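Hi everyone, thanks for making time for this. I'd like to walk you through one structure, so please have the viewer open.

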Amino acid sequence: MSQDTDLPKDTLVNKFLPDTISADTVFGDSIFADTTSADTLLMNSIADTISIPVGKSGSKQSIDSKVTYTAKDSMVTSVSDRKLYLYGETQVNYENIELKADYMAFDMGNSVVKATSMNDSTGNPIGKPSFKQDAETFESDTISYNFKTKKGMIKNIVTQQGEGFLHSQITKKHASGHIHIKNGRYTTCDAPHPHFYIGLTKAIAIPDDKIISGPAYLVIEDIPLPIMLPFGFFPNSKRRAAGILIPSYGEEQARGFFLRQGGIYIPISDYFDFVLQADVYTRGTFGFNAKSTYNWKYHFTGSFDGKIYFNRVNDDPTYNSYNDYSINWRHSQSPKANPTRTFSANVSISTASYNKNYSYDQETYLRNNQSSSIQYSKRWGSMFALNATLNHNQDNRTKQVNMTLPNVAFTVNRFYPFRSKNMKGAPRWFENIQLSYSSSLQNKISATDTTLFKKFDWRKMQNGFSHSIPVSMANIRLLKVINITPSLSYQGVAYTSNIEKSYPDTVPFTKNPSAYIITDTTFGFRYAHAIKPSISISASPKLYGMFQSTNPNSYIRAVRHVMTFSAGFGFSPDISDYMPKYYRTIRYPRSPNEKVNEQTYSIFDGYLYGTPVARGSVGAISLGFGNNLEMKVLSKNDTTGEPKKVSILDNLNFSSSYNPFKDSMRLADISMNGSTRLFNNKVSLTFGGNFSPYSIDKAGRPYNRLYFNETSKLLRLTRFNFSLSTSLQSGGGKKSSSETGEQPPEGNRTTYNDEADLFVDYVDFSIPWTLSIQYAWNYSKAGLVKNIDHTVRLSGDLSLTKKWKIGGNTGYDFIAGKVATTNLSISRDLHCWTMQISAVPFGPRKSYSFSINAKSAMLRDLKWDKRKSWYDSY
């Protein structure tokens with residue numbers, strides 16, 4: 001086992017050294033005077049630390065810290081040369097440095113240690129040297145380190161520098177921590193023999209800062225490419241640093257050549273950064289993108305992304321220039337930040353044409369509606385709560401934008417003012433009186449996306465304030481199913497304007513006099529209020545039906561039917577005569593020979609909260625009927641005899657209402673909805689519809705004539721929907737024969753090996769796959785026009801191996817007879833690289849792209865792209 005055969009004659013050899021040994025004891029002046037033999041020295045395990053002389057042999061000077069060492073097999077000491085030779089899983093510790101190897105030679109006089117591996121009986125190296133300093137760890141073939149100068153010489157080293165790995169044949173480590181490299185390789189591939197690397201003739205690595213190299217070249221699969229760089233610079237810092245973002249380039253038929261996403265990155269602080277990028281096209285279009293991410297641990301995190309594009313075609317005088325914008329903001333608060341106060345934001349606002357012009361994924365392109373919400377809430381104990389939201393809703397088809405800026409609500413939870421804290425026994429009737437408070441403030445804006453920030457008339461905003469104080473009794477129960485709740489509430493509303501209607505005297509006779517009514521808006525603070533008594537009665541009894549099978553051979557053991565009936569009545573009397581007058585009457589001539597016609601209106605018609613007091617009595621009778629059907633069955637494969645529950649019909653509900661206080665059309669539409677699950681919950685089925693009891697006139701408007709009297713049909717179908725959806729996936733594949741120990745069947749001896757990337761020994765292979773299917777049929781006919789939507793949508797993926805995946809989505813519109821937007825994709829995991837192919841084979845987004853690139857974000861520009869934009873299809 002000895003690595004050095006020419007050891008000095010005056011050596012002490014300690015075999016099977018179990019612990020550390022003191023160098024001062026071995027090399028000090030008392031070594032020969034001490035009567036302790038080497039064997040006794042070995043048995044007593046004299047010391048755990050040593051002080052190593054750094055001057056000439058025999059000098060009493062020593063380095064700053066002590067060095068400890070261990071060896072599992074043996075130690076050879078040379079007294080005259082002041083050297084130690086350690087064998088078998090050796091380890092040396094000095095300050096924050098830990099060195100391990102199978103063999104070490106320790107020069108005490110020069111404070112130098114040399115570590116290397118040993119060869120086993122087959123000639124293979126074992127126990128390669130491992131060097132660790134703080135968080136930095138690496139292995140090599142040979143390491144020499146000077147404890148005095150803190151310099152080292154390393155051969156064939158691999159170190160991790162940030163996201164990358166640095167391979168070097170000869171490396172010098174300096175006391176400053178800088179690493180000088182000769183014949184090195186830099187790569188982000190973690191394989192022992194990297195699939196690609198950047199060859200470095202010489203380089204300097206500054207830990208946690210950067211790597212600077214001389215002439216460099218790219219090598220892929222050991223083949224040098226004719227791509228040379230005069231020098232290289234690789235960031236190697238865990239800290240963020242400002243820098244230039246290199247743009248991507250390409251060409252589009254509609255907008256010309258382009259440079260995209262070029263800009264600058266600025267880390268403003270440890271919690272906040274900023275990115276400014278620009279896109280420019282040779283035919284005139286240009287745009288800017290400002291992005292930011294922020295993260296304050298245990299407080300909040302979020303991101304902001306704002307874009308604006310100026311769409312121009314300079315060489316086409318007929319092109320109408322216009323602008324597109326997009327604003328996205330995400331903010332979330334940590335639950336640990338404040339238990340009583342929260343703030344969150346989810347904002348997505350853009351022009352209707354932005355998704356069409358600048359979206360590069362199918363989901364965004366097909367999205368017709370966008371919504372945003374910014375929320376703030378504050379609680380004071382369990383009684384008081386404040387909620388404020390800013391809401392936005394946008395229809396990209398109509399370009400209509402509706403915003404609520406803001407919607408503020410303050411509530412006081414229900415409490416019993418007449419109950420004492422130490423109440424005993426059942427409460428008396430007046431102790432069941434409960435009180436609460438709620439208020440709301442809203443300001444609404446409606447505009448198109450192009451006028452929202454330009455020519456919008458802010459006087460068209462709808463705003464108002466409403467608050468109410470309901471006083472009610474706790475539910476009075478009769479027969480355990482009937483609930484009676486009397487209440488008295490105060491409601492007040494405030495607006496910044498009101499309306500007044502008039503009819504001009506100069507208008508001659510006309511068949512449509514209402515067209516000449518003038519509506520004026522008077523601005524100023526207006527407050528309206530009312531006291532409203534009401535009573536509500538409700539009941540929800542349930543009826544159970546059960547069928548028990550008496551046939552012992554039947555798999556169906558029982559069927560249960562649950563019917564839920566619901567009925568309610570709410571009533572509020574007419575108190576308008578006792579409240580302030582918020583209603584006006586306008587008179588206008590209907591014809592020269594007829595009496596004057598009258599129209600009654602509220603000065604708050606069309607306002608956010610309406611008029612606090614209704615004109616006339618208000619009430620309605622509501623009816624509902626729900627069904628649930630289940631059965632218990634015995635499984636054919638289950639020998640325990642325990643039945644399992646199977647749903648036949650999750651729900652089938654019918655509901656409607658009747659208002660006896662309306663002048664006409666008192667019966668509301670009858671609505672129906674239901675759902676169930678089929679084939680062991682693999683398929684979901686939902687359906688629903690609306691039925692009107694009234695006929696429609698020639699203009700398609702419902703009027704007060706029963707549909708049954710006109711057509712002998714009971715109800716008129718106005719809406720019906722039916723949908724099926726399922727998500728399927730493959731089952732788990734069987735393990736390979738090498739894992740189970742089983743012999744493969746004849747004729748199935750080969751399959752694909754992911755690691756070797758070729759077909760080798762048998763595996764009982766089950767290909768992972770997923771498939772989602774959505775089928776929908778929708779019918780609507782509220783008036784004279786009938787609309788039918790009939791579509792099917794499919795999406796899924798197929799993993800040929802762990803590294804190969806094929807995916808796609810498509811659909812078909814049966815009414816239009818067209819295939820919906822289709823997307824196909826193929827991806828391949830190439831270990832440290834990735835390859836992606838995607839295509840939209842037809843339609844307005846017809847395009848394709850091919851990309852192969854390094855996975856690491858540090859080398860994200862090391863890629864090859866080939867694509868045809870959907871813009872070229874125009």
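I'll begin with the whole chain and then move to particular residues.

First, a word of caution: what you see is a predicted model. The protein chain has 874 residues, and 35% of them count as buried. Its secondary structure comes to six helices and 56 strands. If we take the contacts with a separation of 6 or more, 50% of them join residues 24 or more positions apart. As for the surface, the chain exposes about 52,000 Å², with carbon and sulfur atoms supplying 56% of that area.

Now to the rings. How many aromatic pairs does the count come to? The total is 32 aromatic pairs. Take Trp329 and Phe343, whose ring centres are 6.2 Å apart with 50° between the planes, so the pair is classed as tilted, the class between 30 and 60 degrees. Trp329 belongs to strand 26 and Phe343 to strand 27, so this pair ties together parts that are 14 residues apart in sequence.

Why does Ser334 count as buried? Because its relative accessibility is 16%, and the cut-off for buried is under 20%. Leaving aside residues up to four places away in sequence, Ser334 touches Tyr298, His299 and Phe300.

Keep Phe300 in view, please, as it takes us to the surface. Phe300 is part of a nonpolar patch there, alongside residues including Ile244, Ile246, Tyr271, Phe272 and Trp296. Together the members of that patch have about 910 Å² of accessible area. Ile264 is another member; it is found in strand 22, residues 256-266, and is partly exposed, with a relative accessible area of 33%.

Back to aromatics for a moment. Tyr69, Tyr94, Phe106, Phe131, Tyr145 and Phe147 form one aromatic cluster. The charged end of Arg185 sits over the ring of Tyr197, 4.5 Å from the ring centre. With Arg419, the charged end sits over the ring of Tyr416, at 3.8 Å from the centre.

Side chains of opposite charge can pair when their charged atoms come close. The structure holds 11 salt bridges, and I've picked a few to show you.

Which parts of the chain does the bridge between Asp650 and Arg677 link? The closest N and O atoms of these two residues are 3.0 Å apart. Asp650 lies in strand 41 (residues 644-658) and Arg677 in strand 42 (residues 670-678), so the bridge links distant parts of the chain, 27 residues apart. Arg677 is partly exposed, at 36% relative accessibility.

Glu431 and Arg428 also meet through their side chains, at 3.4 Å from N to O. Here Glu431 is buried, at 6% relative accessible area, whereas Arg428 is exposed, at 52%.

Finally, look at Asp865 and Lys863, which form a salt bridge at 3.7 Å, N to O. Asp865 is partly exposed at 31%, and Lys863 is partly exposed at 41%.

That's my tour, and I'm happy to take questions.

Notes: Residues numbered from 1 in each chain as written. Predicted model: local features only at pLDDT ≥ 70, side-chain atom pairs only at ≥ 80, totals over all residues. Heavy atoms only, no water. Buried < 20%, exposed > 50% of the residue type's maximum accessible area, 1.4 Å probe, protein only. Contact = heavy atoms within 4.5 Å. Phe/Tyr/Trp six-rings, centres within 6.5 Å; stacked < 30°, edge-to-face > 60°. Helix = DSSP H or I, 4+ residues; strand = E, 2+ residues; numbered from the N terminus. Lys NZ or Arg CZ within 6 Å of the ring centre and 35° of its normal. Patch = residues over 30% accessible without salt bridge, like charges linked within 9 Å, V, L, I, M, F, W, Y side chains within 5 Å. Areas by Shrake-Rupley, 256 points an atom, 1.4 Å probe, with all protein chains shown as cover. Salt bridge = Lys/Arg side-chain N within 4 Å of Asp/Glu carboxyl O.
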